[in-house]
Amino acid sequence: MSTNATVENLVPIFIMGKRYEVPETFTIMKAMEHTGYKFLRGCGCRGGVCGACSAVYRKAGDYHIRSGLACQTVVEPDMYLAQLPFYPALRQVYDYATTEAAAAAVFALYPELFRCVACNACTKICPMEVQVMDYVAALKRGDILQAAEQSFDCIQCGLCASRCMGELPQYHIAQVARRLAGGKLKPRAQHLADMLAAIQTGRFGDALADLRRADKDRLRTLYEQRELEPEMTGEEWRPQATVGL
Amino acid sequence: MQFLGTRSAAAAETAHKINEISGQNVGRCMQCGQCSGACPMFATGSLPVPPRRIMHLLQLGHVERAAVLETAWCCAACHACEVRCPRSLDLPKVMEAIRQLTLRRNVDFVAPGAVPRAVLASAPPIAMVAAFRRLTP
Amino acid sequence: MRIAYYPGCTLKLTAQNLEAAALASLRALGLVVEELPRWNCCGAVASLAEDDLLHQVAPVRDLVRAAERGADRLLTLCAPCYNTLARANRLMAEDEEKRKTINLFMEEEPDYAGQVKVVHLLDFLRDDLGFEALATKVVRPLTGLKVAPYYGCMLLRPKRVAIEEHPTLLHRLLAALGAETVDFPAMTDCCGAYQILGHEAMALDASAAILRSATRRGAQALVTSCPLCDYNLGARQPDLRDRHGDLPELPVYYFTQLLALALGCAPEALRLDLSPPGCRRLLAERGAIAAAT
C-alpha cells in the first residue's frame, strides 16, 4: 500500500466480497480497474449513456440493493459491489416493416408481459429513475405511446430484468414500444420531409460544390469561424448564417 | 372404493404442506360430494376425477397423485364448491396449494410463448394475466 | 365523498364497450367519477395461497393509489377486477400480520389498512341512485326484450366480497330499464374463465351449458359484467357452436350497454363494433338503433 502523501484518501470497498482500498474519488469502474480487473465486455462509453456497465452495490449496514452505472457511481467507504455486465434476458427478433403498431403485436412478441405482479423491484433498481413498473402497466393495457414516453430515458442496462419477479425483459419490451411509437404512431415531422426534399432537389448543391473546391486554409478558416449556438441562450436564438435557407 | 394404501411419513409431510399453503384442514372433509355436484367444470365431463376424490387423495397423503390429475389444473376458482361445502372448506385454496407444489419447482403449466398468436391478439388481457398467475410459476 | 374509478387493463383494450357505455350512462345520470391518474393491473385473480403475499401487492398498490387521491370508494366495472381488489382490501383490513408484511414490502408507498371501499357499478347504482330513481331516467325502455341476467362467479363469490348475498341486482337493473328478466339455472355458474387458455374445450363446454340454460328459458339476450365471460360466451360463440351445433345464437351484452341504450345515450357509446355482430342485429331489429350505426 502506498504511503505517498500526495495520494488521495483511500477508502475500503468490497469487490465481490474481497476488501480493497481505493482512492475515494474513483468511480466503481475505475476502482475495479485500479484493483486489477480488466473489462473486455461490460464497459462502453464511460460517459453514463451506453448502459453497458450496470453495477449493483450495498452500503454498510443497509439491506437495500442499490444500482448505478459503474462509470458514474463514485465509491463510498465499505461499499459492497459487483458489476453486472450482462443479463441474459430474452430479446425477440421481429420484422419491423410488417409489425403492426398495436398492443397485439407486443403481446405476441412478449406474452410474459402479463406475468408482471407490480412488485416494483424494476423501478426501484433503475439507475435512470425510469418508472419501469408504470410503463409495463401501460403496455398491459395496450398503451404503446405512454410506454414509449415513460421509458424514454432507458439505457438498456438490463438491471430491471435482473430483479423481475415475473422474469420479464422489460427493457427489450420497452424498446419495441419506442420503435413502434417513433416510427408508426407519432406524427411525422413535416419540416424534416420538406428539408429532405429540398436537399434532393439540389438546394444546397452550390454551397457543397463551393466547399469541395475550397483549399485547406479556407476550410480551416470556415471551420474556425463557424457559428455556434451560445451556451446560454433562449428559444428565440436563430443562426445568422442562412446558407441555402 | 379403490384401495389407496397407507400414508408414509413423507406423504404425511407433503399433505401437511397442502394444509399450510391453503390454510384449510383437508382432514375436515367428510366426503359428502357436494363440491363435485356444484362444480361446473366437472359438469362438462372434462375432469378425470371430481373434487371430492381430490380431497380424499389428499387426506390419504397422495399429493403427487392429486397433482398429476387435471382436476386441480382445471379449477377456475369460481367458489361454487365452497358455497355448498357443509364443512366450510375453501376448496379453491386447496386446488391452488396442489398447483403451487408443482409450480414452485419452476414448471410452466401453460407456457406463455405457446399461446397461439391469434388468441393473444383477440383474448382479453385479463385471460392471459389470470392464466399466467394460476398456471405459471 | 370522493369516488375514484379503476378501469382495469381489459377495459382499455378488448372491453372498451363495457367502459364507454358505463361512462356515458354515468354522465347521463349526473354521477361524477374520476379515473385514477396512475394505476396498474390488479392481477385479475385473487391470490389463493396463504403464504403468497406477492400477488396481493398489485391490487393493494391500486388501493393505495385511490387512498392517495383522497377517495373513500373505488369504483370498478369489471367483475374480476372488483373481486381481486375487494379481496385484497379485506385482507389489508382484517389480517394485521399480512398487512404489516405487505406495507413493509411496499416501503415506497404510504401504509394502507383497507380504508377505501371497493364497489362495483351495480351496488354503486343501488346505493347512490336506487333502481326506482333509475327507472324514471329511462327514455328508451327495453320493453319486451327477454334478457338473461348472468352474474357468473366474481360478483357473488366468495361471500365475504359479494356485492349482495343472493343475485338480484342485475334483475332489478334490467327491470328498471323495462326489460323482461329471464331466470335460468346457470345464472351463477362459471364460464371457465381464463381456462380458455389452459383447457379450451372445457371452457367452451362450460360456456355452452350457460348459453343453453338461458336459451331454454326463452332468453333473447344475455348480460354480463365480466370481460372473460363476454369473451367465452360472446366472442367465442362461433367456436362454441362448432362443438354444440344445436345451440342458437344468443347476443351477449355488457349490462352497461343496455343501460346506456335505455338512458338514451348515443348508440356509438355502446361500441357495438367490439361486440359480436348478433348484438347489433338484435337491437336494429327492435328499432332501438339504426342498422348501420
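**Where the chains meet**

Modeller: Happy to, and keep in mind that this is a predicted model. To start us off, ten residues of chain A are in contact with twelve residues of chain B.

Colleague: Which helix gives the most to the side of chain A that touches chain B?

Modeller: That side of chain A divides into seven nonpolar residues, no polar ones and three charged ones. The helix that gives the most supplies three residues and spans residues 103-109. That's helix 2 of chain A.

**An aromatic link**

Colleague: What is the angle between the planes of F114(A) and F132(B)?

Modeller: Over all chains, the count comes to five aromatic pairs. F114(A) and F132(B) form one of them, 6.4 Å centre to centre. The pair counts as tilted, with the planes at 55°.

Colleague: Why does that pair join two chains?

Modeller: F114(A) sits in the loop between helix 2 and helix 3 (121-125) of chain A. Its partner F132(B) belongs to helix 10 of chain B, residues 125-135, so the pair joins two chains. A further ring, F107(A), makes one aromatic cluster with F114(A) and F132(B). The two chains joined by the pair are chain A and chain B.

Colleague: Are F114(A) and F132(B) buried or exposed?

Modeller: Buried means under 20% relative accessible area. F114(A) has 0% relative accessibility, and F132(B) has 2%. So both F114(A) and F132(B) count as buried.

**A threonine in chain A**

Colleague: How far does the backbone oxygen of D95(A) lie from a polar atom of the side chain of T99(A)?

Modeller: T99(A) is in the loop between strand 5 (79-83) and helix 2 of chain A, and at 11% relative accessibility it counts as buried. Leaving aside neighbours within four places in sequence, T99(A) is in contact with Y94(A), A105(A), L180(A) and K184(A). As for the backbone oxygen of D95(A), its distance from a polar atom of the T99(A) side chain is 2.5 Å.

**Chain B against chain C**

Colleague: How much area do chain B and chain C bury between them?

Modeller: Here 44 residues of chain B are in contact with 40 residues of chain C. Carbon and sulfur atoms account for 68% of the buried area. In chain B, I126(B), R133(B) and R134(B) lose the most area to chain C, together 20% of what that side buries. The area between the two chains is about 3,400 Å².

Colleague: How far apart are the closest N and O atoms of R104(B) and D51(C)?

Modeller: The rule finds two salt bridges across the interface of chain B and chain C. R104(B) and D51(C) form a salt bridge, with their closest N and O atoms separated by 2.8 Å.

Colleague: Which helix gives the most to the side of chain B that touches chain C?

Modeller: There are 13 residue pairs in polar contact across this interface, both residues at pLDDT 80 or more. Several helices of chain B supply at least two residues each, including helix 1 (9-22) and helix 8 (91-103). The one that gives the most supplies eleven residues, and that's helix 10 of chain B.

**Two residues in chain C**

Colleague: Which backbone nitrogen does the side chain of N103(C) reach?

Modeller: N103(C) is in helix 4 of chain C, residues 96-105, and is buried at 8% relative accessible area. Its side chain reaches a backbone nitrogen at 3.0 Å, that of Y112(C).

Colleague: Last one: which residues is H199(C) in contact with, leaving aside its neighbours within four places in sequence?

Modeller: H199(C) is found in the loop between helix 8 (195-198) and helix 9 (200-216) of chain C. With a relative accessible area of 11%, H199(C) is buried. Its contacts are E70(B), W73(B), C74(B) and F109(B).

Terms used: Residues numbered from 1 in each chain as written. Chains lettered and ligands numbered in written order. Predicted model: local features only at pLDDT ≥ 70, side-chain atom pairs only at ≥ 80, totals over all residues. Heavy atoms only, no water. Contact = heavy atoms within 4.5 Å. Helix = DSSP H or I, 4+ residues; strand = E, 2+ residues; numbered from the N terminus. Nonpolar A, V, L, I, M, F, W, Y, C, P; charged D, E, K, R; others polar. Phe/Tyr/Trp six-rings, centres within 6.5 Å; stacked < 30°, edge-to-face > 60°. Buried < 20%, exposed > 50% of the residue type's maximum accessible area, 1.4 Å probe, protein only. Polar contact = N/O pair within 3.5 Å; in protein donor to acceptor, adjacent residues only side chain to side chain. Buried area = accessible area lost by both parts, 1.4 Å probe. Salt bridge = Lys/Arg side-chain N within 4 Å of Asp/Glu carboxyl O.
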